[in-house]
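Try each task before reading its solution.

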Amino acid sequence: MLPAMELNGTAAIVSGGASGLGEATVRALAAAGSNVLVADLNEERGKGIADEIGGQFARTDVSDADSVAAAVDAAAGLGAPLRVIVCCAGIGWAQRTVGRDGSPHDRAAYRKVIDVNLIGTFNLMSIGAAAIARTEPADADGQRGVVINTASIAGLEGQTGQLAYSASKGGIIGMTVPAARDLAAIGVRVNTICPGIIDTPIYGSGPASDEFKAKLAAPVVFPKRMGTSAEFAHLVLALIGNDYMNSEVIRFDGGIRFQPK
Ligand SMILES: NC(=O)c1ccc[n+]([C@@H]2O[C@H](COP(=O)([O-])OP(=O)(O)OC[C@H]3O[C@@H](n4cnc5c(N)ncnc54)[C@H](O)[C@@H]3O)[C@@H](O)[C@H]2O)c1
C-alpha cells in the first residue's frame with residue numbers, strides 16, 4: 001500500500017461548499033468517509049447539502065476572519081481530527097482597467113473581489129491550518145493535514161476585463177509555495193488547483209448563459225467540452241490522497257490556453 005492521507009474518520013471544511021466545485025468536493029469527501037463542514041454564505045443550499053451528506057453547515061463569509069474562525073472551530077469540534085481544508089468560495093467580476101467610456105475600474109468592486117477570493121482564501125488557509133496544528137500527527141511522516149486552494153487559469157493568463165479576478169487568483173497562486181514552506185513545520189501540505197472552464201452555477205443558467213459557456217469552451221483542446229465539478233472533486237481527492245503532492249499549482253483545464261478575449 002502507498003502511504004496516503006486517510007479520509008475515513010477525519011473532519012474537513014469546504015468553503016463555497018453550497019454550489020459548484022465546492023459542492024462536488026463536499027460530496028466526494030463525505031463519500032470517502034470524511035465528516036464535512038460546509039462553509040458558505042448560502043444558508044439554504046448549504047444546509048440542504050450538509051443534511052444530505054450527514055455533515056454540518058456554518059454560515060460563513062470567508063472575507064470575515066471572525067466568521068471563518070467560527071466555522072473552523074465548528075469543523076474542529078466535529079468529533080474527528082480536522083485534516084482537510086478546501087477553499088472554493090469565490091466570485092467573478094468583469095470590468096476593464098479603463099472602460100470604453102474612459103472611466104477607470106471601480107475601486108470598490110476591485111476590493112470586493114480581492115476580499116472574497118484572495119483574503120478569503122488566506123483566512124481559511126491560515127485559520128484552518130492553525131486548527132490542524134492542534135491535532136496529533138496522522139502518520140510516520142508527521143503529516144497532519146492538507147490544504148487545497150482554488151485559483152483559476154485566469155490567475156496565470158487573464159483575459160480582457162479580468163483585472164480584479166486575475167489579481168485575486170494570481171495572489172492565491174503566489175501564496176502556494178510560501179504557505180507550503182511555512183506549514184511544513186506543522187505537517188500540512190498545500191496545493192492550488194487552477195480550473196479552466198468548468199460547468200457550474202457561476203455562469204448562471206438559461207439560453208444566454210449556454211451561449212456564453214459554448215463560446216468560452218470552444219478553445220478547449222481535449223476533451224472538447226467544459227469540465228465537470230465531479231472531475232474537479234476527483235482531482236481534489238487525488239491531491240489529498242497522494243502524500244508527495246505538495247506546494248504545487250495544477251492546471252485543470254482540458255489544455256485550454258486563454259486568448260486575450
Ligand atoms: N466554474 C469555473 O469555470 C471556474 C473556473 C476557474 C475558477 N473557478 C473558481 O472556483 C471556485 C468555485 O466556483 P464555482 O464555479 O463552483 O462557483 P459557484 O458560484 O457555483 O460557487 C461559489 C460558492 O461560493 C460561495 N461564496 C461566494 N462568496 C462567498 C463568501 N464571501 N463567503 C463564503 N462563501 C461564498 C457562493 O455562495 C457559492 O456557493 C471559485 O473560487 C471560482 O472563482 C471556477
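A nonpolar core is a set of buried Ala, Val, Leu, Ile, Met, Phe, Trp, Tyr and Cys residues joined through C-beta atoms within 7 Å. Keep in mind that this is a predicted model.

**Exercise 1.** Find which residues touch the most other members of the largest nonpolar core.

*Solution.* Start with the core itself, which has 69 residues; Val14 and Val38 touch the most other members. Next, see which element gives the most: helix H4 (residues 107–132), with nine residues. Finally, look around Val38, setting aside neighbours within four places in sequence: its contacts include Val14, Ile49 and Phe57.

**Exercise 2.** Compare the reach of H4 with the expected span, and find where its kink is centred.

*Solution.* First count: H4 has 26 residues. Its first and last C-alpha atoms are 36 Å apart, close to the expected 38 Å. Then follow the helix to Ile119, where a kink of about 35° is centred.

**Exercise 3.** Locate the bend in helix H5 (residues 163–183) and say what covers its buried residues.

*Solution.* Begin at Thr176, where H5 bends by about 35°. Within four residues comes a proline, Pro178. The buried residues of H5 include Tyr165, Lys169 and Thr176. Among the elements covering the buried residues are H4 and strand S5 (145–150).

**Exercise 4.** Describe the shell around the ligand.

*Solution.* The ligand is surrounded by 29 residues, with Gly16, Ser19, Gly20, Gly90 and Thr200 the closest. Helix H1 (20–31) and H4 each give two or more residues to this shell. Sorted by type, the shell has 13 nonpolar, 14 polar and two charged residues.

Methods:
Residues numbered from 1 in each chain as written. Predicted model: local features only at pLDDT ≥ 70, side-chain atom pairs only at ≥ 80, totals over all residues. Buried ≥ 20, exposed ≤ 12 C-beta atoms within 10 Å, placed from the backbone. Contact = placed C-beta atoms within 7 Å. Expected span 1.5 Å × (residues − 1). Bend = angle between axes of the 7 residues up to and from the residue. Near = placed C-beta within 6 Å. Nonpolar A, V, L, I, M, F, W, Y, C, P; charged D, E, K, R; others polar.
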